[in-house]
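Subject: Structure for your files

Hello,

Here is the structure I said I would pass on, with notes on what was found in it below.

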Amino acid sequence: MTHNSDFAIVAEGLRKRFGDTQALDGVDLAVRPGTVLGVLGPNGAGKTTTIRILATLLQADSGHATVGGFDVAANPADVRRTIGLTGQYASVDEDLTGTQNLVLIGQLLNLSTRDARARAAELLAWFDLSDAAGRVAKHYSGGMRRRLDLAASLVGRPSVIFLDEPTTGLDPAKREDMWGVVRSLVGDGSTVLLTTQYLDEADALADEISVIDSGRVIAHDTPDGLKRVIGGHRIRIRTNDAADVQRAVGVLTAVGTSAPEVSARNTITVPVADESVLTPTVERLAAEGIGVSELSLHLPSLDEVFMTLTGHTTEELPGSTSKGVAA
Ligand SMILES: Nc1ncnc2c1ncn2[C@@H]1O[C@H](COP(=O)(O)OP(=O)(O)OP(=O)(O)O)[C@@H](O)[C@H]1O
Ligand SMILES: [Mg+2]
């Protein structure tokens, strides 16, 4: 039994059906205060539906959830005061400027005009939008809109923040900036639930990850724990010379826990027991006179984790319909 007071967000057995689609099929989540939960899943997995229920925008068919200790069904107003919600699709007013949008929200949250202006300026600077503060939102680029939308959700300094695919559509530099913002929010004590289809994003930001597929949580672990599910570290090398590949395979066979795999461009990968075999590997390669242009020790990617857990990659959906074999 989960003690709801120990968690900033709890969901137990959430189910939601839309017509023929069982969007959520019993979702369980628990997020400790001041941590980041990454909810990872492909298109249609149920990420947005989960957030909409937690944010009181949608009612579950069954199951229950609390946010900041408040029941989402029984005390939606208290939940709304606790959260910041960033929709997957921007929710700002297109005809208002960046500043006007944020000041308006501040005023709706009962900030004085002066405080609302100060908060707007602070957030616009934080999201690198100060130069665009006086322009109407409809003239913003997609990435600027995403950032304004996120800024809008933070005006009221929420203690629990839902971010639905916060970096979708951002270029790599802005994506890194957004990661920095998420880290600052958590550094200030906020709890963050973020959904993502980017495995590296969950790995980089989340304390724990729930992998969701077809409306169900199919795995919950730390990023490293998840990666360990499909084996420990791997060593990958690339020989300078194609003629050295066979001898290199011999070296990696000696240090690995199973047979090395040879892939394109003289690349050889082998699972190893732990990090300590890296040095002996380098020494043996040197002793054999095998030159390498690449040598790395890494955990399996989350993409590989997803493949192991679901039998399909994140790009490839299980089927065009989810109707199954209902009698
Ligand atoms: N209002 C709705 N009416 C009908 N079906 C819906 C509705 N909202 C969601 N669905 C369906 O429920 C399932 C889960 O949708 P959801 O939006 O939660 O997925 P998601 O994980 O957020 O996907 P994406 O990565 O594409 O945003 C999908 O099959 C979707 O088509
Ligand atoms: Mg979604």
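Asn43 has a polar side-chain atom 2.9 Å from an oxygen atom of ligand 1, which is within the cut-off for a polar contact (a pair of N or O atoms within 3.5 Å; within protein, one must be able to donate a hydrogen and the other to accept it, and residues adjacent in sequence count only if both atoms are side-chain atoms). Thr49 also uses its side chain, with an N or O atom 2.6 Å from an oxygen atom of ligand 1. Ala45 uses its backbone instead: an N or O atom there lies 3.1 Å from a ligand oxygen. Of the 640 Å² of accessible area that ligand 1 has on its own, the protein covers 64% (Shrake-Rupley method, 1.4 Å probe; for residues, only the protein chains shown count as cover).

This is a predicted model, in which local features need pLDDT of at least 70 and side-chain atom pairs count only at pLDDT 80 or more, while totals for chains, interfaces and linings use all residues. Residues are numbered from 1 along each chain as its sequence is written, chains are lettered from A and ligands numbered from 1 in the order in which they are written, and side-chain values use heavy atoms, with hydrogens and water left out.

There are 14 residues around ligand 1, and Asn43, Gly44, Lys47, Thr48 and Thr49 come nearest (near: a heavy atom within 4 Å). By type, the shell has four nonpolar, eight polar and two charged residues. Nonpolar here covers Ala, Val, Leu, Ile, Met, Phe, Trp, Tyr, Cys and Pro; charged covers Asp, Glu, Lys and Arg; the others, Gly among them, are polar. Helix H1 (47-54) and E2 each supply at least two shell residues, and H1 gives the most, with three. Helices (H or I, at least four residues) and strands (E, at least two) are DSSP runs, numbered from the N terminus.

E2 also belongs to an open, antiparallel sheet of four strands in the order E2-E1-E4-E5 (strands pair if DSSP finds at least two bridges between them). Its edge strands are E2 (21-31) and E5 (70-71), each pairing on one side only. E4 (residues 62-67) is joined to E5 by two bridges, and Val67 has Phe70 of E5 as its bridge partner.

Strand E7 (residues 160-164) is largely enclosed by the rest of the structure, because five of its five residues are buried (under 20% relative accessible area; exposed is over 50%, partly exposed in between; 1.4 Å probe, protein chains only). Val160, Phe162 and Asp164 point one way from E7, and Ile161 and Leu163 the other. In a regular strand the side chains alternate between the two faces of the sheet. E7 runs parallel to E8 (residues 191-196), with five bridges between them; Asp164 stands opposite Thr195.

Strand E13 (residues 267-271) has four of five residues buried, so E13 too is largely enclosed. Five bridges join E13 to E11 (residues 234-239) in the antiparallel sense, and three join E13 to E12 (residues 261-263), also antiparallel. Ile268 in E13 stands opposite Ile237 and opposite Val262. In the hairpin of E12 and E13, with three residues between the strands, Arg265 takes a positive phi near 60°.

For the whole protein chain, there are eleven helices and 14 strands, and 44% of the 327 residues are buried.

Regards
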